[in-house]
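Hi,

Here is the structure I promised to pass on. My notes follow below it.

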Amino acid sequence: MLKRSHFKVKTLAYLLVLPQMLVTVVFFFWPALKAFYESFFIEDPFGIHHHFVWFRNFVELFHSSDYLHSLFITFVFSLAVTVLTLFGGLFFAVLADRVTKGRTVYQSLLILPYAVAPAIAGVLVRFLFDPAIGIFPYWLDKIGYHWNYNTHASQALFLVIITAAWQQISYNFIFYLASLKSLPHSVLEAASLDGAGPFRRFFTITFPMLSPITFFLVIINMLYAFFDTFGIIQVMTQGGPANATQTMVYKVYQDGFLGLDFGSSSAQSVILMLVIVVLTVIQFRYIEKKVHY
Amino acid sequence: MLVDKHPFLRVATHVCLVVGILFLMLPIYFAFVASTHSLRDLLTAPIPFLPGKMLFHNYYTVLVKGAPKLGVNPVDRMLLNSFIMAMFIAVGKIVVSILSAFAIVYFRFPFRKLCFWMIFATLMLPVQVRIVPTFQIAASLDLLNTYTGLSLPLIASATATFLFRQCFLTLPDELCDAARIDGAGPMRFFWNVVLPLSKINIASLFVIMFIYGWNQYLWPLVATTSSKMSTIVLSMQKLATAADQIPQWNYIMAIAILALLVPLLVVLVMQRWFVKGLVDSEK
C-alpha cells in the first residue's frame, strides 16, 4: 500500500531501499540460487570434478535410508515439540491470567527461558541428565531405571525434545496470555451469571476462542523445531547416537561441512526451502482470513 | 476481570504456578550452583543442591585468568565479540528496515512492489537452509573472522520491515501534507516526524533483535575460525564438547551463566517492550 500523500523523488527512494536490497540479494537470494544450482551437480570433495546430474541428488536422497530416517526424526521431533509447547504455554497462560497477586513476578519468570540461547539451553539440560553426574540419572538409578542418552536412541530424542520445548514454552505463554487478555469479558461474565463454573467456561468459551492463535502457534512452533534447534542438537548429541537425533537441518550441516557432499547438501537445502515456503504460505493465508474476519 | 469465589481454586492456581516455575527454573538454578563449586564437588554424586564457595574463583578464572592446561581461555574478549555482533545485527536490521519501509510507504517508484516481495521472501530463507552457500560467498568476499561477516548476512529483516510499514500506514496523511506545505523534504520529514513517532517500535524491535543476535549459533560457528573472533555461546560449546577430557563442568557453567546473563537482563529490564515487540512483529 502507498500513502495518498507521497513523494516522487525516485533516486532517493532507490537509495533508501538499497541497503536492504543489497543484503537481500548478496546474502539471501544468491546463496539460495547457488543451492538450487548446486543441487543439480555432483562434486568430489576436492572440487575437481563437477558433473551435471539432473535430479539424481534428489532421487538418491529419497532412496537413502539415512535421509528418510532424518525426515521421520524431524517429523516426530517437531510434532512432539509443538504439542508440548502448546500445552505448556496454555497451561501457564491460563494460570497467570487468573492470579492478581504476584502476577508480574510469575510473568517475568515464565518468559526467561526465551532469553536463553538454544546451545546454552542444551548444555544446561545436558548437565542435569549427564549419565555420570546428572541429578536425574542419579534419581532414576535409585528406582532402577538405567539412563544413558549417549547410547539409548529414544532417550537422546526425548532429551532434545524436552530441551526444545523448555525454551519454546515461553513464546507460547506470551502469545496465549496476550490473547487471553483480549478476550471479550462480557461473554465470560454472561456465562458466569448463567452458572457456568471456571472449568466449563474454559472448555466451552475460552478454548474455542483461542483457536486462531493456536493455529498460528502450531506453525511458529514447527518452524522453530525445524530450524532453530540446531544449537541444542549440536551441544547435546551431535545427531547421535546412531543418527537418532539427526534432524533435516542438522543433516544439511553435517553433509555440507563435515561430509563435504555439496550436491546432496544443496538438494537438502532446496527441500527445506520448500518446507518453509509451504508453512509460510499457510500462515499468511490464514492471517489474511483473520483480517477479514 | 472475573474473580472466582472459590478460595481453593485460587490457592491451587498459585501452587501450580509455583511448582511449574520451579521446575522450569531448575536448569538455570543448577547451572548457577555448578558454577560456584569445584569440579571435584560436582563429580561426587549427587551433585550439590546449594551454592558453594568457589563463585569468585570460577568466574575469575573464566573471565580473566584462564586455565590453559584445561583448555579454558579467558572469555572477556568473547563477551565483547557477542556484544558487538548483537549490536551490529540489532542496529543494522532496524536501520535497513526502517529506511526501506519508509521508501515503500512514502514514495512512488518503479519496482516498489518487487522490492516489497523480495524483502518478504527473506522470511523463507533462514540462515540454516542457506548455510553452505552463504559460507562460500562470505569466504569469497573475505568476510570470515570479521564483525561485518558475523552480522551482515543476517541483517535483512522482513518482520521489522513489515512492522514499520504497518506503523507508517497508520500515521495520518495530514502529517505528510503539512510537512510538504512547510517546505520540508522527504528526509527532513523522516527525521523530524517519522522517526520520533517510531520510537516505541524501535525500542521493542531492538530488544528482540539484540537477543536474536546475541543467541546466534550456527552462523558464528561456520563464519569464525580464529578463537579471537569467537562468541561467548560458541566458546561455551567448544569447552562443553571437547572430546578428550572430563568436561570442566564448573567452568562450562560459569561461561554458560555469563552467556545467558546479558539477554536475561535485557528481557527483564525491557520486559514491556520485549512482549510488545514479539506480539506486534508477528501480526
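In chain A, 70% of the contacts with a separation of 6 or more join residues 24 or more positions apart. Two residues are in contact if their C-beta atoms, placed from the backbone, lie within 7 Å.

This is a predicted model: local features need pLDDT of at least 70, side-chain atom pairs count only at pLDDT 80 or more, and totals for chains, interfaces and linings use all residues. Residues are numbered from 1 along each chain as its sequence is written, while chains are lettered from A and ligands numbered from 1 in the order in which they are written.

Chain A has 13 helices and two strands. These are DSSP runs numbered from the N terminus (helices H or I, at least four residues; strands E, at least two). The C-alpha trace of chain A spans about 75 × 75 × 30 Å along its principal axes.

Now the interface. Ala, Val, Leu, Ile, Met, Phe, Trp, Tyr, Cys and Pro count as nonpolar, Asp, Glu, Lys and Arg as charged, and the others, Gly among them, as polar.

H4(A) contributes A:Tyr106, A:Leu109, A:Leu110 and A:Pro113, and H1(B) contributes B:Leu17, B:Ile21, B:Leu24 and B:Met25. The residues of this contact are eight nonpolar, no polar and no charged.

Best wishes
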